[in-house]
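Please read the following report beside the sequence and the coordinates.

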Amino acid sequence: MTADTQTPAAAAFDPASHLWLEEVEGTEALAWVTAQNERTLAELQADPHYAAYEAAAIDVLTSAARIPYGTVRDGYVYNFWQDETSVRGLWRRASLESYATETPDWETILDFDKLSADEGANWVYKGANCLRPEAGGGWRCLVSLSNGGKDAVINREFNLATKSFVEGGFVTGEAKQGIAWAGPDTLLIATDWGEGSLTESGYPSIVKRWQRGTPVESAVELLRGKATDVGVWPMALKLEDGRVLQGAVQSETFFTQNYYWFPEGETEAVRWPLPMKASPNGIYKGQFLFTIEQDWTPEGQDAFKAGDLLAFDLDTYLETRALPPVTLAFRPSETQAVNGVAIAKGAALLSISENVIGKVLRIEPSESGWTTTPVTLPGTGEVGIAFADEDETAVFLNYEDFLTPSSLLSYDVASGEVTTLKSLPAKFDATGLKVEQFFATSTDGTKVPYFIVHKEDMPLDGTTPTLLYGYGGFQVSMTPGYSPVSGRLWLEQGGAYVLANIRGGGEFGPNWHQAGLKQNRQHIYDDFISVGEDLIARGVTRPEHLGIMGGSNGGLLMGVMLNQRPDLWNAVVVQVPLLDMIRFHLLLAGASWVDEYGSPDVPEERAFLETISPYQNFDASKPYPVPFFVTSTKDDRVHPGHARKMAKRFEEAGLPFLYFENMDGGHAAAADQTARAKRSALEYTYLTRQLFPKPASETGG
């Protein structure tokens, strides 16, 4: 089968008729949202599965049996924790010794429920940027707080020693912003400086240096980008001798950057000698490490390939300001991809994937080149470097797979040994379940891997309710992780779960991602369709039992699948989606994504977008399954208008659909664990209704 990409005649449809739904908090728009929420909640919450699903989701999401991941600072582990009592969360700490026990002695640093109540605010914690103290000083942190979960935040200076906000300390206004400590009394900041200071994507375009005790308006400008940039952000690079190299990154597009540093006593910024598609990874034993996402041949040097990890001598560069000889630290094979590099005190660790299985390598420079030593892991699943810092010897790794709960591993820098520090009990019954990896063949012959989790005795007669998840964009990899919610609400109920590793992701490096950019995006959609067809060809399921789910860019994927292959699925969960690809660049952060999707302002790119845009290609005559749209009023990244307008087209056509818009929650569509549990229960109730065989009483049997 091939995708139906024909664009229907749309002369009778005027997209402008729905622009009122783009008024995020407009009276008429919110009245429509409220009506849809009430209708959907009444229908799904009345389903006999809903109450049990919500209770199960709350149980696993608020369970105390969770690993308290954290950041190590001077012998203490700092952790952010949410549960049924601390809904907004606690920022807390325990000593390393206590942390290693089953019941750490936690000390509360900041209670966000109390803070919100005291200040009459709707605070959602978005992280903390902390500065290691100089001799005799104390830790200072900039705590990021969001109103309801938006990307826009304020930052307030906090003293870890006194466990209080600093009177007269640094405080920023609400904005999508970036900050970096340049010293105990100096911040680099990019924010909304007023008219003309934001890019077309809504991000800051000017980085300034702000001194303690002065008004932010007096901050000194260091670097100014262009309105067409995605954004300009501050960057501080701590050198191995303790000095801080002040700098900034100018993101001309989502995938291309210019990196700068500001020499002390000089007024001009100096550009790092890196290709436009490159990512700095840190400094180790005098070597500046960076990955490249494009082929690159430095003048007079060897040629390097997209995906390589490279290095050069930093002191030589800072002295000469000319690119020194570049060395190859690691080159991934065709089945590998570099996920990241982490620098600890005395070790550099490289995280890679091989056929979508995680591995960790220790890398070391030598006179004859770089060497790699594998780190022993518990199995073949997903592994991440949970914590490493150049000033700390403590290194934490996280391991999990589809059927194995997360384990927090401690890596000993001196011996190279790995020990289990904490592990979770099973949160769903995996008895009789197995994981397999298969490869589907896409339209152009590309082999597309996917994982399937299913019962060992699954009949190959097409009757298994199957949920297929995909993303396919921005070089984001989909890896085999443990999901208690889908385990309890789907796998335990007899469903199969499938994770598709389609192009557009980063599973096989930059080239796997770039194969689906702009006008090549149909490759991504063909890949996803091929996985669905492969599941049917293997006898796993049939269209009436096959459902799909995806969020954000994956929500766009879901919208395209609704139009291109409505016959292939019987349930489509469309989460916080992009759906109007002719106006996406005009809404919120949309302009930052034109390097991924193409621009509606470029004729040849617009011509392609017109063929795939779900909103424009809606056709009431198609055999659509009943979709479920999920979004958030507070999402200031992907505009809720996308989901609203697509759902409105279903409504106007008299076609059935479900719609839920959380009034809080930002791009996650949930601000706390209780809200996440509710959203999950709604989604899996819908999936159960659509995909599981109906009782004989409902089918007339």
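The paragraphs below go from the nonpolar cores to single residues.

The model is predicted, so local features are given where pLDDT is at least 70, side-chain atom pairs count only at pLDDT 80 or more, and totals for chains, interfaces and linings use all residues. Residues are numbered from 1 along each chain as its sequence is written, and side-chain values use heavy atoms, with hydrogens and water left out.

**Nonpolar cores**

A nonpolar core is taken here as a set of buried Ala, Val, Leu, Ile, Met, Phe, Trp, Tyr and Cys residues joined through side-chain atoms within 4.5 Å, where buried means under 20% relative accessible area, exposed over 50% and partly exposed in between (1.4 Å probe, protein chains only). The largest such core has 105 residues, and those with the most contacts inside it are Phe-528, Trp-569, Phe-629 and Leu-687. Its largest share, seven residues, comes from helix H13 (residues 673–691); helices (H or I, at least four residues) and strands (E, at least two) are DSSP runs, numbered from the N terminus. Apart from this core lies another, of 22 residues, among them Leu-239, Leu-274, Leu-318 and Val-326. In soluble globular proteins, nonpolar side chains tend to be buried together.

With contact defined as heavy atoms within 4.5 Å, and residues up to four places away in sequence not counted, Phe-629 touches Val-574, Leu-579, Ala-643, Met-646, Ala-647, Phe-650, Phe-657, Leu-658, Tyr-659 and Phe-660. Val-531 lies in helix H8 (residues 522–537) and counts as buried because its relative accessibility is 0%. Leaving out residues up to four places away in sequence, Val-531 touches Ala-440, Val-448, Tyr-450, Leu-468, Val-498 and Ala-500.

**Aromatic and charged contacts**

Rings of Phe, Tyr and Trp (its six-membered ring) pair if their centres lie within 6.5 Å, and planes under 30 degrees apart count as stacked, over 60 as edge-to-face and the rest as tilted. A search of the whole structure finds 43 aromatic pairs. One of them joins Trp-261 and Tyr-317 edge-to-face, at 6.2 Å centre to centre and with 70 degrees between the planes. Trp-261 lies in strand S15 (residues 257–261) and Tyr-317 in helix H5 (residues 314–320), so the pair ties together parts that are 56 residues apart in sequence. Both Trp-261 and Tyr-317 are buried, and they belong to one aromatic cluster that also includes Trp-272, Phe-288, Phe-290, Trp-296, Phe-304 and Phe-312.

Leu-323, in the loop between H5 and strand S20 (327–330), is partly exposed at 25% relative accessibility. Residues up to four places away in sequence aside, Leu-323 touches Pro-273, Trp-296, Pro-298, Gln-301, Phe-312 and Tyr-317.

A charge sits over a ring if NZ of Lys or CZ of Arg is within 6 Å of the ring centre and within 35 degrees of the ring normal; the table gives examples.

| Charged residue | Ring | Distance from the ring centre |
|---|---|---|
| Arg-538 | Phe-438 | 4.0 Å |
| Lys-645 | Tyr-615 | 4.9 Å |

In H1, Ala-29, Trp-32, Val-33, Gln-36, Asn-37, Thr-40, Leu-41 and Leu-44 are buried. They cover an arc of only 155 degrees around the axis, which puts them on the same side of H1; the arc is that of the directions from the helix axis to the C-beta atoms. The face turned away from the buried side of H1 carries the exposed residues Thr-27, Glu-28, Glu-38 and Ala-42. The buried residues of H1 pack against helix H2 (50–61), strand S35 (627–632), helix H12 (641–652), strand S36 (658–662) and H13.

In H12, 10 of the 12 residues are buried, so this helix is largely enclosed by the rest of the structure. What covers the buried residues of H12 includes H1, helix H9 (553–564), S35 and S36. H12 is followed by Gly-654, whose phi is positive, near 70 degrees.

Asp-74, in the loop between strand S1 (70–73) and strand S2 (76–81), has a positive phi near 50 degrees and is partly exposed at 43% relative accessibility. Ser-552, in the loop between strand S33 (546–551) and H9, has a positive phi of about 65 degrees and is buried, with a relative accessible area of 14%.
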